[in-house]
Amino acid sequence: MGDPASILTERQIRSQYLGLLRESYGEMPAWLKLITDTIKDASDRERIPWLGGFTSGMKERTGSGIRNTVAARYVDATVVEYEDGGELPQSLIRRSKFASITREKMLRALAMSEMEHWEELYMALIDAGASTACYDGQYFFDTDHADSDGSYTTAQSNKVNIDISEYPSVKSGSTTLPSAEDLIVASAKLIIEHLMKFRNNHGKYVNRHAKHFVALFPSSYFLAACGARDASQVGNGASNILNAMLKKSGFTLDIEHSPMLSWTDRFAVFRADYPMKPFIGIEEKLEPEIKTKIYTPQNSDDAKRREIVGVELRANRTVKCGPWQ
């Protein structure tokens, strides 16, 4: 016989659930942590300051002094309330010798749901980056980012349209199914010709010392992307220029994909080694008994009437776009 429901106290179930959370489930993939700032124990709404470029660089001394000012930038974030939950019949717990296993599987599934939620939020934000505004009022992926609070106000684009028919590819594909050679040239050009040239509001090149990058592809691009980074040779035995560039420059390029992306003809490259990240998340601190509610026949008339043991999860979170550079 399984363990009687009478010994399943609220504290025991919550303790088991928290133990599962502390196991091997990360809150999000390691690569996603490289491009996100997640602030825990926040209030339900936060104004996150965004300083931008603080210095314009060394200049010849004139005696008048240099007074750079902090850019008046910020991101307003208000949490959204989320919930999940599950129930087990008390009869199953009482009659089955596998009751404890069944209960653990339910709790484990809920723990995975809570841990994977951050990834789902961030991936939805990235997926909609071409129609979601960031601090300057432009879409995160856009062609006309211009800072009005510094000495450099020239419009910059982090949304680059490319024509693969112009690439020197022996084995070229299409926009929805590119070849490894297509992605070799596209990735190298994005890093060298675009990302490395982005400037802050004082005109300084913010990515000129970047060494670590994350390339995010839709799943349909992933095999070609792996070949683009790792193959030593491509069509007709030509050397892989992306592979050579990475080795020569000391760059690290992480190749990632997600089935949650709806993209069919695009991919994104992010810098992964800068203190400020392109995406921000906040989570409101909730009391343990609110964050994880346990319903048993001992503490709930409804659970007693329906003869169930239940767990209800709460999380108040939100994600926002940060610096587009």
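Phe141 is buried in this predicted model, with a relative accessible area of 13%; buried means under 20% relative accessible area, with a 1.4 Å probe and protein chains only. Phe140 is also buried, at 1%. The model is predicted, so local features need pLDDT of at least 70 and side-chain atom pairs count only at pLDDT 80 or more, while totals for chains, interfaces and linings use all residues. Residues are numbered from 1 along each chain as its sequence is written, and side-chain values use heavy atoms, without hydrogens and water.

A search of the whole structure finds 11 aromatic pairs. Rings of Phe, Tyr and Trp (its six-membered ring) pair if their centres lie within 6.5 Å; planes under 30 degrees apart count as stacked, over 60 as edge-to-face and the rest as tilted. The ring centres of Phe140 and Phe141 are 5.0 Å apart and the planes stand at 80°, so this pair is edge-to-face. Tyr221 and Phe267 form a tilted pair, with 6.5 Å between centres and 55° between planes. Tyr221 lies in the loop between β5 (212–218) and α6 (222–230), and Phe267 in the loop between β6 (252–258) and β7, so the pair ties together parts 46 residues apart in sequence. Helices (H or I, at least four residues) and strands (E, at least two) are DSSP runs, numbered from the N terminus. Tyr221 is buried at 3% relative accessibility, and Phe267 is buried at 15%. Ring pairs also link Phe140, Phe141, Trp263, Phe270 and Phe279 into a cluster.

The largest nonpolar core has 63 residues. Such a core is a set of buried Ala, Val, Leu, Ile, Met, Phe, Trp, Tyr and Cys residues joined through side-chain atoms within 4.5 Å. Ile126, Phe213, Phe270 and Phe279 have the most contacts inside it. Helix α5 (residues 180–194) supplies the largest share, 7 residues. A second, separate core of 15 residues includes Tyr17, Leu21, Leu107 and Ile294. Beyond its neighbours within four places in sequence, Ile126 is in contact (heavy atoms within 4.5 Å) with residues including Leu32, Phe141 and Trp263.

Ala272 sits in the loop between β7 (268–271) and β8 (279–284). Ala272 counts as buried, at 5% relative accessibility. Ala272 and Lys211 are 61 residues apart in sequence but 8.2 Å apart in space, C-alpha to C-alpha.

Across the protein chain there are 9 helices and 10 strands. Of its 325 residues, 44% count as buried.

Technical notes. Buried means under 20% relative accessible area, exposed over 50%, partly exposed in between (1.4 Å probe, protein chains only).
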